[in-house]
Amino acid sequence: MTAKKDGYLGNPNLKPVGVQQQFTPEQVQEYIKCANDPVYFVEKYVKIVAVDKGLVPFEMYDFQKDLIDKLHKNRFVIGKLPRQVGKTTTVGAYLLHYVLFNQNMNVAILANKQSTAIEILGRIKMAYEYLPKWLQQGVIEWNKGSIVLENGSRILAAATSSSAIRGGSFNCILLDEFAHIPTQIAEEFFTSVYPTITSGQSTKMFIISTPNGLNMFYYYWKGAITNQNGYVPFEVHWSQVPKYPGGPLRDEQWKKEMISKTSEKQFEQEFECDFLGSSNTLISPTKLHTLVYTKPILRTKDGMSVYQEPVRKDPENEKSQDHLYFITADVAEGQGKDYTAMAVIDVTQFPYKVVATYRNNTVSPLLFASVLKTVAKKYNNAHVLVEVNSIGIEVANILHTDLEYENIVKTTMMGRKGQVMTEGFGPVKKVQLGVKTSVLTKKVGCQVLKNMIEEDKLIAEDADIISEFTTFISKKQSFEAEDGHNDDLVMCLVLFAWATRQPYFKNLTDMDIRLAMYEKDIEKIEDEMLPFGYYDDGIDNSLDKEEDAKWTTNGDNWLILDKKEFKHSLYNSFNKFL
């Protein structure tokens with residue numbers, strides 16, 4: 001009896017379970033009105049903490065009312081909103097209405113960090129405490145990361161991951177700051193959770209975020225505005241936030257002041273909601289916006305993504321042939337910082353295509369050498385080019401000496417030409433396994449890679465590669481990852497682009513990348529020369545026409561490692577795919 005009088009666990013602001021509520025006729029009408037109109041409920045009964053004023057009623061801006069209306073009337077909503085517009089508070093207020101006026105509703109608040117999700121739940125809990133008792137439900141649980149109400153509804157707060165809400169049945173999921181979730185985690189989450197949400201008739205999912213590059217949030221947003229994925233788009237411009245008493249007017253002067261305190265790039269991303277905060281990327285922003293990533297047909301927990309199976313000669317088709325593959329590898333120390341990465345490229349015909357990638361920041365050099373050999377053998381004994389500036393030389397030596405893999409690309413110094421790919425003949429001291437990334441190799445590689453991507457001569461549909469492209473920017477007369485980001489997969493493509501300019505590569509593929517890249521220009525020049533006549537030598541120098549590669553998935557038997565090479569049973573989780 002005391003608990004009911006004093007409130008839930010002694011908190012007088014919370015109604016305990018089992019309290020009988022006597023409604024007046026006015027309260028009944030008000031309750032019905034609140035249940036039917038979440039905007040009315042929020043404006044009249046929800047309180048928030050304002051920075052300058054403390055606890056105050058939530059006086060919503062027009063766009064906040066529109067957002068609540070969108071959330072209430074639609075199952076799937078994606079919001080692209082700038083910072084400091086009250087988006088989290090607004091969505092939290094709607095979720096409070098959702099659990100109060102609906103029975104047995106399970107809500108999950110998922111954010112890029114668990115602390116962020118708990119903070120959102122904290123705002124909902126505070127607003128709940130200041131509701132009139134006749135609007136409250138009795139409280140069964142009131143924990144830091146979850147609440148359970150007497151009407152059977154509950155709210156859980158957690159970090160976004162594939163296992164965050166596994167095993168549970170949820171009616172509504174909020175993905176807060178989804179653009180800041182790593183691509184692999186985002187993909188795993190949607191793979192495990194999305195089918196359950198979409199199978200319901202009234203289940204809801206809200207994706208709310210400020211942009212952060214061309215990642216999964218960008219592609220869901222793009223699909224929403226083109227009516228391709230069922231999501232209802234909602235966006236707000238920073239200038240839509242009206243001046244509040246004592247606060248600044250959001251005009252051009254305010255914009256200049258914000259940029260002076262941060263940076264123009266940061267303002268464009270966080271307030272203009274530009275998906276590309278960096279304007280000095282290697283690949284032009286126009287091209288970056290057209291790049292589309294696809295879901296791999298196989299993805300291991302250890303960072304291997306497969307987009308196409310290796311293509312081999314069909315015994316029943318005389319015209320078929322084994323496809324030719326080229327692998328570039330960028331090696332890190334495996335201490336949880338930079339990533340060890342590889343890119344597998346089909347170089348049989350144009351356009352070249354990235355058919356598999358590997359990205360792992362904890363793998364040891366010994367283990368990576370085994371993985372590298374396994375993948376190379378799987379892809380028709382692919383030619384492998386390893387970057388050997390530091391720890392990479394160890395990987396190249398293990399691959400060559402211990403694992404006896406033959407198709408390792410070697411280089412030699414040729415004076416002003418710098419490093420040149422070679423068959424490996426000549427004095428031993430002048431030939432090295434792999435290639436050292438120098439100012440010259442990186443400069444050439446970046447220039448060629450830019451042309452290949454922008455001219456669609458190299459197709460890279462890997463989400464991590466596209467994400468790295470968005471932050472691979474000009475720095476000190478070169479290009480590298482923006483601070484706080486990685487460029488390991490992009491550097492694999494830089495090495496590949498450099499390799500395509502080598503005579504060795506031309507002989508290997510029987511294809512001249514420079515000729516192919518500028519084939520249209522050459523045809524134009526030839527057309528202009530036609531009035532003066534031309535000489536036909538009878539030799540067909542045209543490139544082979546592109547044919548559709550056929551591939552199938554072998555399921556769990558995709559890779560097979562030699563147990564002698566896989567000495568210490570490392571990468572146990574890898575074995576399920578071997």
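Ile459 is partly exposed, with a relative accessible area of 22%. This residue sits in strand 20, which covers residues 458–459. The model described here is predicted.

**Ile459 and its surroundings**

- Ile459 and Lys353 are 106 residues apart along the chain, yet their C-alpha atoms are separated by 4.7 Å.
- When residues up to four places away in sequence are not counted, Ile459 touches Pro351, Tyr352, Lys353 and Val354.
- Ile459 is not counted as buried because its relative accessible area is 22%, while buried means under 20%.

- Three strands form an open sheet in the order 18-17-19, and their pairing is antiparallel.
- Strand 18 (419–422) and strand 19 (431–433) are the edge strands, and each of them pairs on one side only.
- On average, neighbouring strands of this sheet are turned by 40 degrees against each other, with direction ignored.
- Strand 17, residues 410–413, pairs with strand 19 over three bridges in the antiparallel sense.
- Thr412 has Val431 in strand 19 as its bridge partner.

- Phe23, Val28 and Ile32 make a nonpolar surface patch of about 230 Å².
- Ile32, one of these residues, belongs to helix 2 (residues 25–36).
- Ile32 counts as partly exposed because its relative accessibility is 41%.
- A patch residue needs over 30% relative accessible area, and the value for Ile32 is 41%.

**Salt bridges**

Side chains of opposite charge can pair when their charged atoms come close. The model has 13 salt bridges, counting a side-chain nitrogen of Lys or Arg within 4 Å of a carboxyl oxygen of Asp or Glu. Some of these pairs are described below.

- Glu43 and Lys65 form a salt bridge in which the closest N and O atoms are 3.2 Å apart.
- This pair links distant parts of the chain, with Glu43 in helix 3 (residues 38–45) and Lys65 in helix 4 (residues 62–73), 22 residues apart.
- Glu43 is partly exposed at 33% relative accessibility, and Lys65 is partly exposed at 26%.
- Glu272 and Lys255 also meet through their side chains in a salt bridge, at 3.4 Å from N to O.
- Glu272 lies in the loop between helix 10 (264–270) and helix 11 (285–288), and Lys255 lies in helix 9 (residues 252–261), so this pair ties together parts that are 17 residues apart in sequence.
- Glu272 has a relative accessibility of 27% and counts as partly exposed; Lys255 is partly exposed as well, with a relative accessible area of 22%.
- The side chains of Lys450 and Glu454 form a salt bridge of 2.8 Å, N to O.
- Lys450 and Glu454 both lie in helix 14 (residues 439–454), where they are four residues apart, about one turn of the helix.
- Lys450 counts as partly exposed at 28% relative accessibility, and Glu454 is partly exposed with a relative accessible area of 25%.

**Two buried residues**

- Thr88 is part of helix 5 (residues 87–100).
- Thr88 counts as buried because its relative accessibility is 17%, and the limit for buried is under 20%.
- Apart from residues up to four places away in sequence, Thr88 touches Ile120, Arg123 and Asp176.
- Phe469 is located in helix 15, which covers residues 463–469.
- Phe469 is buried, with a relative accessible area of 2%.
- Leaving aside neighbours within four places in sequence, Phe469 is in contact with Thr281, Ile283, Leu288, Leu291, Leu449, Ile453, Val490 and Leu493.
- Phe469 and Pro285 are 184 residues apart in sequence, and their C-alpha atoms are 9.8 Å apart in space.

Terms used
Residues are numbered from 1 along each chain as its sequence is written. This is a predicted model: local features need pLDDT of at least 70, side-chain atom pairs count only at pLDDT 80 or more; totals for chains, interfaces and linings use all residues. Side-chain values use heavy atoms; hydrogens and water are left out. Patches are made of residues with over 30% relative accessible area and no salt bridge: like charges are joined within 9 Å, nonpolar side chains (Val, Leu, Ile, Met, Phe, Trp, Tyr) within 5 Å. Accessible areas come from the Shrake-Rupley method with a 1.4 Å probe; for residues, only the protein chains shown count as cover. Buried means under 20% relative accessible area, exposed over 50%, partly exposed in between (1.4 Å probe, protein chains only). Two strands pair if DSSP finds at least two bridges between them. Axes are lines fitted to C-alpha atoms, for helices over the stretch in contact, and angles run from 0 to 180 degrees between N-to-C directions. Contact means heavy atoms within 4.5 Å.
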